[in-house]
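Please look over the sequence and the structure shown below before reading on.

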Amino acid sequence: MKRENISYLVVGLFVIVIMSAFFVVVYKITGRTGPADHYFVTYDNVTGIKYGTPVSYEGYQVGQVEHIKPVRTQGATQYRLELAITQGWQIPADSIARIVASGLLAAITIDIQEGESPESLAPGDDIQGRE
């Protein structure tokens with residue numbers, strides 16, 4: 001009888017450990033790994049961009065797209081993207097956020113091209129966007 005109880009205990013612990021590892025892996029894969037600052041960029045066309053699209057700074061991944069909101073201005077629709085960037089990351093004020101794909105079949109990425117301004121954007125500011 002005692003061996004059966006020990007077997008059940010071992011199997012139960014194994015299942016709990018595996019499920020915990022699964023949830024940790026899913027948490028890491030979603031890109032939500034820590035505190036972030038939020039910046040905004042506006043585009044006329046957001047083909048291929050969705051929640052979770054990677055955001056890189058000169059090729060180094062620093063965040064992801066959090067929200068896409070259509071905004072109607074002057075008879076045209078533009079799309080305002082909210083970018084979640086690693087907290088404390090300094091972005092010069094004249095930086096440009098471009099929509100890029102490294103190849104024909106590659107995933108779309110928003111790449112922030114570093115500017116030369118000594119002033120940095122504050123969280124909540126708009127980054128100039130180019131398509």
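**Briefing on the fold**

Read from one end of the sequence to the other, the protein follows the pattern α-β-β-β-β-β-β-β, that is, 1 helix and 7 strands; helices (H or I, at least four residues) and strands (E, at least two) are DSSP runs, numbered from the N terminus. This is a predicted model, in which local features need pLDDT of at least 70 and side-chain atom pairs count only at pLDDT 80 or more, while totals for chains, interfaces and linings use all residues. Residues are numbered from 1 along each chain as its sequence is written, and side-chain values use heavy atoms, with hydrogens and water left out.

**Overall dimensions**

- The radius of gyration, taken over C-alpha atoms, is 21 Å for the protein, whereas a compact globule of 131 residues would have one near 14 Å, by the rule of 2.2 Å times the number of residues to the power 0.38.
- Along its principal axes, the C-alpha trace of the protein spans about 75 × 35 × 30 Å.
- Of the 131 residues in the protein, 26% are buried, where buried means under 20% relative accessible area, exposed over 50%, and partly exposed in between (1.4 Å probe, protein chains only).
- Among contacts (heavy atoms within 4.5 Å) in the protein between residues at least 6 apart in sequence, 63% join residues at least 24 apart.

**The sheet**

- An open sheet is formed by 7 strands in the order S1-S4-S3-S2-S6-S5-S7, with mixed pairing; two strands pair if DSSP finds at least two bridges between them.
- Strand S1 (36-43) and strand S7 (128-130) stand at the edges, and because each has a single partner strand, one side of each is left without a neighbour in the sheet.
- From one strand to the next, the twist averages 35°, with axes being lines fitted to C-alpha atoms (for helices over the stretch in contact) and angles running from 0 to 180 degrees between N-to-C directions.
- S2 pairs with strand S3 (residues 60-73) in the antiparallel sense over 4 bridges, and the two form a hairpin with 2 residues between them, where Glu58 in the turn has a positive phi of about 55°.
- S2 is also joined by 3 bridges to strand S6 (residues 108-113), and these two strands run parallel.

**Ser56, in strand S2**

- Ser56 lies in strand S2 (residues 54-57), and it counts as buried because its relative accessibility is 8%.
- Ser56 stands opposite Gln61 in S3 and opposite Asp111 in S6.
- Leaving out residues up to four places away in sequence, Ser56 touches Gln61, Val62, Thr109, Ile110, Asp111 and Ile112.

**The nonpolar core**

- The largest nonpolar core has 19 residues, and those with the most contacts inside it are Leu81, Leu83 and Ile110; such a core is a set of buried Ala, Val, Leu, Ile, Met, Phe, Trp, Tyr and Cys residues joined through side-chain atoms within 4.5 Å.
- S1, S2, S3, strand S4 (76-86), strand S5 (96-101) and S6 each supply at least two residues of this core.
- Beyond its neighbours within four places in sequence, Ile110 is in contact with residues including Val55, Ser56, Leu81 and Leu83.

**Gly115, in a loop**

- Gly115 is placed in the loop between S6 and S7, and it is buried, with a relative accessible area of 16%.
- Setting aside neighbours within four places in sequence, Gly115 is in contact with Pro92, Asp94 and Ser95.
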